[in-house]
Amino acid sequence: MKTKLIGVSTVILLVAGLAMAQTSEVSSVNVVGYIKVPLVANRVKLIGIQFDSMTTTNPTVADVFGSEGLPDGTVVYLFRGNRYVAEEYYDGFGWFPGTNLLDRGEGCWIKSPQNYDLTLLGEVPGEDTTVYLRAGAQIMSYPFPVSIGVTSTVLNVNAPDGSVVYLHDGTNYQAYEYYEGFGWFPDTLRWKEGEGCWFMSPAATSMVETVPYSL
């Protein structure tokens, strides 16, 4: 096995270069990617988790964000059905309570006490991924580290009628609603690398998102 470290921009270039290739070759390369997410002091940011953990199949907040080098007092807020749970980072100690899981395809709020460029690091997923939608509200992300429009995803045709996505720009929300037989309105919904969103679904369902690139 070989391991490569690439940034998201490199991933996109890799996609562009291989999209036209037709091959049955199976790659044995582990691709490690990263995304830089700028945090503004004392402002919450809605982010998405789009890499697999390199060390565990049940990643905690510490596995996702690391256990050193973050600004002291950084807080992550996870939405768990009908309430928030928090994880706080203490310099020299790590995350407390340190028990909350955060997997690829999920999202969370994060707040730093100072301006900081957060690095999201992990293994670039190379397999199709099942997206689980619960009835009601959840914070989620597109499960792959790319910028992509909703019309290029399975959610474009398989979302429950009346689903709503809310993207947050740091100040306000932009809403996008799905109408069965019509699609999303507005149809400009696009997820960026490292971005999370609120997904409001009237019913629980699941669907398989295909890998949007080749490794």
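## Glycine 73 and its contacts

Beyond the residues within four places of it in sequence, glycine 73 makes contact with Glu88, Tyr89, Lys111 and Pro113, where contact stands for heavy atoms within 4.5 Å. Glycine 73 sits in the loop between α2 and β4; helices (H or I, at least four residues) and strands (E, at least two) are DSSP runs numbered from the N terminus. Its C-alpha atom is separated by 6.4 Å from that of proline 113, a residue 40 residues away along the chain.

Glycine 73 counts as partly exposed because its relative accessible area is 23%. On this scale buried is under 20% relative accessible area, exposed is over 50%, and partly exposed is in between, with a 1.4 Å probe and protein chains only.

## Model and confidence

This is a predicted model, in which local features need pLDDT of at least 70 and side-chain atom pairs count only at pLDDT 80 or more, while totals for chains, interfaces and linings use all residues. Residues are numbered from 1 along each chain as its sequence is written, and side-chain values use heavy atoms, with hydrogens and water left out.

The mean pLDDT (the predictor's confidence in each residue, from 0 to 100) is 88 for the protein, and 87% of its residues reach 70 or more. In residues 1-5 the pLDDT is below 50, and this stretch has 14 contacts in the model beyond near neighbours in sequence. Residues 9-28 also have pLDDT below 50, with 12 contacts beyond near neighbours in sequence.

## Overall composition

Three helices and 17 strands make up the secondary structure elements of the protein. Of its 215 residues, 43% count as buried. Among contacts between residues at least 6 apart in sequence, 73% join residues at least 24 apart.

The protein exposes about 11,400 Å², of which carbon and sulfur atoms supply 50%. Accessible areas come from the Shrake-Rupley method with a 1.4 Å probe, and for residues only the protein chains shown count as cover.

## Salt bridges

Side chains of opposite charge can pair when their charged atoms come close. A salt bridge is a side-chain nitrogen of Lys or Arg within 4 Å of a carboxyl oxygen of Asp or Glu, and by this rule the count comes to two. One of them joins the side chains of aspartate 52 and arginine 104 at 2.7 Å, N to O. Aspartate 52 is partly exposed because its relative accessible area is 25%.

Arginine 80 forms a salt bridge with glutamate 106, and the closest N and O atoms are 3.7 Å apart. Here too distant parts of the chain are linked: arginine 80 is in the loop between β4 (75-79) and β5 (84-90), glutamate 106 is in the loop between β6 and β7, and the two are 26 residues apart. Both ends are partly exposed, arginine 80 with a relative accessible area of 30% and glutamate 106 at 24% relative accessibility.

Threonine 129 is in strand β9 (residues 129-133) and is buried, because its relative accessible area is 12%. Its side chain makes a polar contact of 3.0 Å with the side chain of arginine 104; a polar contact is a pair of N or O atoms within 3.5 Å, where within protein one must be able to donate a hydrogen and the other to accept it, and residues adjacent in sequence count only if both atoms are side-chain atoms. The threonine 129 side chain also reaches the backbone oxygen of glutamate 127 at 3.1 Å.

Glutamine 50, in the loop between β3 and α2, is buried because its relative accessibility is 1%. Its side chain reaches the backbone oxygen of phenylalanine 144 at 3.3 Å, and a polar atom of that side chain lies 2.8 Å from the backbone nitrogen of glycine 194.

## Methionine 54 and valine 124

Methionine 54 is in the loop between β3 (45-48) and α2 (61-65) and counts as partly exposed because its relative accessibility is 49%. Valine 124, in the loop between β8 (116-123) and β9, is buried because its relative accessible area is 3%. The two residues are 70 residues apart in sequence and 9.6 Å apart in space, C-alpha to C-alpha.
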